[in-house]
Amino acid sequence: MSYFYWIAGTILALAWFSRIVDAALGMPSVADVSRLEWDRNPVLPAGNPQVSIIVPARNEEETIEQALNSLLALDYDNYEVIAVNDRSTDRTGEIMERVAESQGRNQNQNRGQNYSHDSHVSQRLRDMGHPLSSLPLSSLPLSFPGFRVLHHTELPAGWLGKTHAMWTAANQATGDWLLFTDADVLFKRESLRRALAYAESVPADHVVLFPQMIMERPGEYMMIAFFQTLFMFGHRPWKVADPRTKDHIGVGAFNLVRRRVYDSIGTYEALRMEVLDDMKLGKVVKQAGFAQRNVFGGDLISVRWGKGAMGIVNNLTKNFFAVLSFQWWRTVISAFGLAFLNFGPFLGVLLAHGWARVPYAVALGSMFLIYIGMSRRSAVPVYYFLLHPVSTTLFIYTLLRSMLLTLWNDGIVWRGTKYPLDELRKGRV
């Protein structure tokens with residue numbers, strides 16, 4: 001038995017310690033666009049590309065108005081917003097139209113103010129030697145974006161609702177960059193400008209901005225802490241920029257991609273049945289050899305994943321079986337792997353004897369250091385480390401629940417639409 005404790009403990013110590021060392025060396029290389037150096041004002045015309053922001057939404061009446069208003073208040077002056085009401089059965093479409101009507105009134109007011117200052121603005125442009133000084137004011141970019149609402153009433157066969165909504169909107173977009181985001185994400189005024197300044201400076205073809213998680217209940221803190229810890233094993237953010245690695249990234253809250261890159265990878269038509277569309281977008285971009293980056297941004301964008309621990313469990317149930325390619329054997333192995341990796345250090349320290357406890361203590365200490373690192377980037381207090389076994393239990397439950405429900409229903413039921421398992425498997429990238 002003592003040999004078993006030593007072998008298991010050594011494996012756990014190596015797994016956790018190697019990860020914390022790798023992260024300590026690599027994470028400083030990930031840029032933070034909330035820092036002063038990225039607070040840049042674009043210079044026309046070369047540094048002011050147009051951005052099309054695409055927001056798919058189905059039954060998002062609780063969050064859509066605030067999300068759209070935050071987008072329409074961005075301080076970048078060359079962008080459009082295309083919101084897609086994807087067959088909503090609540091007031092989502094109505095709220096979108098109300099926001100559009102309000103935006104239209106603001107546009108008319110701003111246009112009148114600009115015209116009233118026509119000679120003043122033109123003179124300033126001439127004084128600056130600006131290339132647009134010879135154009136009439138009506139041709140110049142105004143300080144507000146264009147805003148359009150698309151309404152979908154039907155879903156074509158072979159598509160997920162979300163991917164179809166984004167594909168449709170992108171077909172109508174006119175921007176040099178496409179920003180795909182979700183209907184519950186809140187943007188600070190300078191978020192797009194900073195991310196775009198970074199993207200054009202590096203330069204990058206695909207930029208992911210990590211959102212700040214809004215957490216209001218202890219269960220949310222606990223689950224987010226575990227997810228971020230798990231993320232360190234499944235994805236290495238510091239390796240995403242390295243073209244020699246397979247590490248890739250995609251986040252539904254902020255996927256900023258050049259239009260020509262989006263077209264060259266086959267658009268969202270290539271991902272039409274992908275449940276994990278955000279991550280898979282990052283995968284195909286990286287595989288195609290384009291420059292991919294992920295960045296921190298403090299509270300530049302923020303999102304609340306779910307209400308309480310079980311709210312997060314319910315939201316992740318749709319995704320987890322898809323992460324494992326809808327294969328039951330991989331899911332069962334992953335559940336045992338998660339249990340060993342996350343329960344093992346705690347159990348080993350309690351059950352092993354003498355020096356055999358040392359490797360478990362090393363694993364536990366490394367895990368604690370990850371929590372300390374996370375506390376500097378997020379609002380999760382370090383003491384949630386003590387609830388790690390509880391969150392592990394809930395994540396394993398989520399994983400198995402996702403598998404069992406998908407197999408039982410022979411597919412995924414997502415926002416009131418059922419997608420057959422056969423089609424989901426065939427549509428995997």
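Predicted model: local features only at pLDDT ≥ 70, side-chain atom pairs only at ≥ 80, totals over all residues.
Let's start with the overall picture. The protein chain has 429 residues, of which 52% count as buried. Its secondary structure comes to 14 helices and 12 strands. Among the contacts in the chain with a separation of 6 or more, 81% are between residues 24 or more positions apart.

Next, the inside. The largest nonpolar core holds 92 residues, and the members that touch the most others are Val-51, Ile-53, Leu-68, Val-81 and Leu-256. Take Ile-53 as an example: leaving out residues up to four places away in sequence, its partners are Leu-71, Leu-74, Tyr-79, Glu-80, Val-81, Ile-82, Leu-179, Thr-181 and Leu-192. There is also a second, separate core of 20 residues, with Ala-165, Ala-169, Val-257 and Ile-265 among them.

One of those partners of Ile-53, Leu-192, is also one of the buried residues of helix H6. H6 covers residues 191-201 and is mostly covered, with 9 of its 11 residues buried. The buried ones include Arg-193 and Arg-194 as well as Leu-196 and Tyr-198.

Now for two helix pairs. Two packed helices are described by the angle between their axes and the distance between the axes. Here are those values, along with the handedness of each crossing.

| Helix pair | Angle between axes | Distance between axes | Crossing |
|---|---|---|---|
| H10 (residues 308-323) and H13 (residues 388-409) | about 50 degrees | 8 Å | right-handed |
| H1 (residues 2-26) and H11 | about 130 degrees | 10 Å | left-handed |

With that angle, H10 and H13 are oblique to each other. Their contact draws on residues such as Met-310, Val-313 and Phe-320 of H10, and on Leu-394, Phe-395 and Met-403 of H13, among others. Sorted by class, the contact of H10 with H13 has 13 nonpolar, 6 polar and 2 charged residues.

H1 packs against H11 at an angle of about 130 degrees, so H1 is oblique to H11 as well. On the H1 side, the contact is made by Tyr-5, Ala-8, Ile-11, Leu-12, Ala-15 and Trp-16, which meet Phe-340, Leu-341, Asn-342, Gly-344, Pro-345 and Leu-351 in H11. This contact has 10 nonpolar and 2 polar residues, and no charged ones.

Leu-341 deserves a look of its own. It sits in helix H11, which spans residues 328-351. Is Leu-341 buried or exposed? Leu-341 has a relative accessible area of 15%, and because buried means under 20%, Leu-341 counts as buried. Setting aside neighbours within four places in sequence, Leu-341 is in contact with Leu-12, Ala-15, Trp-16, Phe-233 and Met-367. Thr-392 is 51 residues away from Leu-341 along the chain, yet their C-alpha atoms are separated by 9.7 Å.

Most residues other than glycine have a negative phi, and most peptide bonds are trans. Where does the chain depart from that? Val-202 and Pro-203 are joined by a cis peptide bond, with omega about -10 degrees. Pro-203 lies in the loop between H6 and strand E6 (206-209).

Phe-326 is not a glycine, but has a positive phi of about 60 degrees. Phe-326 is in the loop between H10 and H11, and is buried with a relative accessible area of 3%. Asp-410 is not a glycine either, and its phi is positive at about 55 degrees. Asp-410 is found in the loop between H13 and strand E11 (411-414), where Asp-410 is partly exposed, with a relative accessible area of 46%.

Definitions and conventions
Residues numbered from 1 in each chain as written. Heavy atoms only, no water. Core = buried A, V, L, I, M, F, W, Y, C linked by side-chain atoms within 4.5 Å. Buried < 20%, exposed > 50% of the residue type's maximum accessible area, 1.4 Å probe, protein only. Contact = heavy atoms within 4.5 Å. Axes fitted to C-alpha atoms, helices over the stretch in contact; angles between N-to-C directions. Helix = DSSP H or I, 4+ residues; strand = E, 2+ residues; numbered from the N terminus. Parallel < 35°, antiparallel > 145°, perpendicular 65-115°, else oblique. Left-handed = near helix turned anticlockwise from the far one by under 90°. Nonpolar A, V, L, I, M, F, W, Y, C, P; charged D, E, K, R; others polar.
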